Amino acid sequence: MRCGARWARCLTKNAKEPAGHWFAEQALTALADRQVDTLLTQVAHRDALAPGLDQSAPLLKTWPTLVTSLKSPLPPLTTDRRVTLACTRDCAFFDIIQQAFPNAKITLYDSDYQALASVVSGENQYFIGNNITTGHCISKYFSQSLVIAHYFRQQEQHNRFVTRDDRPELHQLFDRFIH
C-alpha cells in the first residue's frame with residue numbers, strides 16, 4: 001500500500017490554490033486514477049461519492065457550535081433581532097443560522113481564528129463553527145475570553161476514509177479500526 005506521498009506533494013505544490021472543493025475533487029481523482037490508495041475526507045456534511053469508490057464509517061462526528069464572548073452576559077440563543085455573526089468562508093451551517101438568527105448580519109472570515117478573534121474584539125456577537133475545531137481554537141487561543149454557549153444537535157458533519165471499491169480489504173481495515 002502506498003502512503004500517498006505523491007498526493008501530499010500535490011497539496012504542498014498547490015498550496016496557493018483555494019482550499020475546499022477543489023482539493024476534494026483532486027483527491028478523489030487521484031484515488032480513482034490509482035495515484036493513491038486511500039484518502040481521508042475533510043469534515044463535511046455530504047456523503048455522495050463517484051461510482052467505484054467506497055467510504056468507511058464516520059471517523060469523527062461534529063456538530064455546529066455557537067460561541068460568544070465572556071465579556072457580555074449570555075445573549076439569547078435564538079432571536080429575531082439583528083445580531084452580528086462570524087463564520088468561515090466554508091461554513092456549512094447557514095441553515096442553522098437562518099433558523100436561530102433570521103436577521104443576522106453574517107461576516108465571513110478565512111479561518112476560525114480570525115472569526116473567533118472578531119467576537120473577542122466585539123466586532124461580532126457570535127461565531128458558529130464545528131465543535132471540534134472551535135473547541136480546539138478556543139482552548140488554545142481564547143480560553144479567557146470566549147465560551148461555547150450552545151451545541152446544535154442537527155446538521156452533523158463527519159469525515160471518512162475513502163478507498164476504491166476494488167480494494168475491499170482496505171475498506172474492512174478502516175471500518176475495524178473505527179469500530
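Is aspartate 166 buried, partly exposed or exposed, and what is its relative accessible area? In this predicted model, aspartate 166 is partly exposed, with a relative accessible area of 37%. Its side chain meets that of arginine 164 in a salt bridge, at 3.4 Å from N to O. Arginine 164 counts as buried, because its relative accessibility is 6% and the cut-off for burial is under 20%.

Aspartate 37 is buried, with a relative accessible area of 5%. Arginine 167 also meets glutamate 169 in a salt bridge, at 2.6 Å from N to O. Glutamate 169 is partly exposed, at 41% relative accessibility. These residues belong to a network of salt bridges that links Arg34, Asp37, Arg164, Asp166, Arg167 and Glu169.

Strand E5 (residues 84-88) is mostly covered. Five of its five residues are buried. In a regular strand, side chains alternate between the two faces of the sheet. In E5, both faces are covered. Thr84, Ala86 and Thr88 are buried on one side. Leu85 and Cys87 are buried on the other.

E5 pairs with two strands. Its pairing with strand E6 (residues 105-109) is parallel and runs over five bridges. Its pairing with strand E7 (residues 126-130) is also parallel, and two bridges join these strands. Alanine 86 takes part on both sides. Its bridge partner in E6 is threonine 107. In E7, alanine 86 stands opposite phenylalanine 127. E5, helix H3 (residues 94-100) and E6 together make a right-handed β-α-β unit.

Helix H3 also holds phenylalanine 94. This residue is partly exposed, with a relative accessible area of 35%. Phe94 forms a nonpolar patch on the surface with Ile106 and Leu108. Together the three residues have about 220 Å² of accessible area.

Leucine 59 occupies the loop between strand E2 (53-55) and strand E3 (60-62). Leucine 59 is partly exposed, with a relative accessible area of 30%. Neighbours within four places in sequence aside, leucine 59 is in contact with Leu40, Asn159, Phe161, Phe177 and Ile178. The C-alpha atoms of leucine 59 and phenylalanine 174 are 9.1 Å apart. Along the chain, these two residues are separated by 115 residues.

Terms used:
Residues are numbered from 1 along each chain as its sequence is written. This is a predicted model: local features need pLDDT of at least 70, side-chain atom pairs count only at pLDDT 80 or more; totals for chains, interfaces and linings use all residues. Side-chain values use heavy atoms; hydrogens and water are left out. Buried means under 20% relative accessible area, exposed over 50%, partly exposed in between (1.4 Å probe, protein chains only). Helices (H or I, at least four residues) and strands (E, at least two) are DSSP runs, numbered from the N terminus. Two strands pair if DSSP finds at least two bridges between them. A crossover is right-handed if, with the strands pointing away from the viewer, the path from the first strand over the helix to the second runs clockwise. Patches are made of residues with over 30% relative accessible area and no salt bridge: like charges are joined within 9 Å, nonpolar side chains (Val, Leu, Ile, Met, Phe, Trp, Tyr) within 5 Å. Accessible areas come from the Shrake-Rupley method with a 1.4 Å probe; for residues, only the protein chains shown count as cover. A salt bridge is a side-chain nitrogen of Lys or Arg within 4 Å of a carboxyl oxygen of Asp or Glu. Contact means heavy atoms within 4.5 Å.
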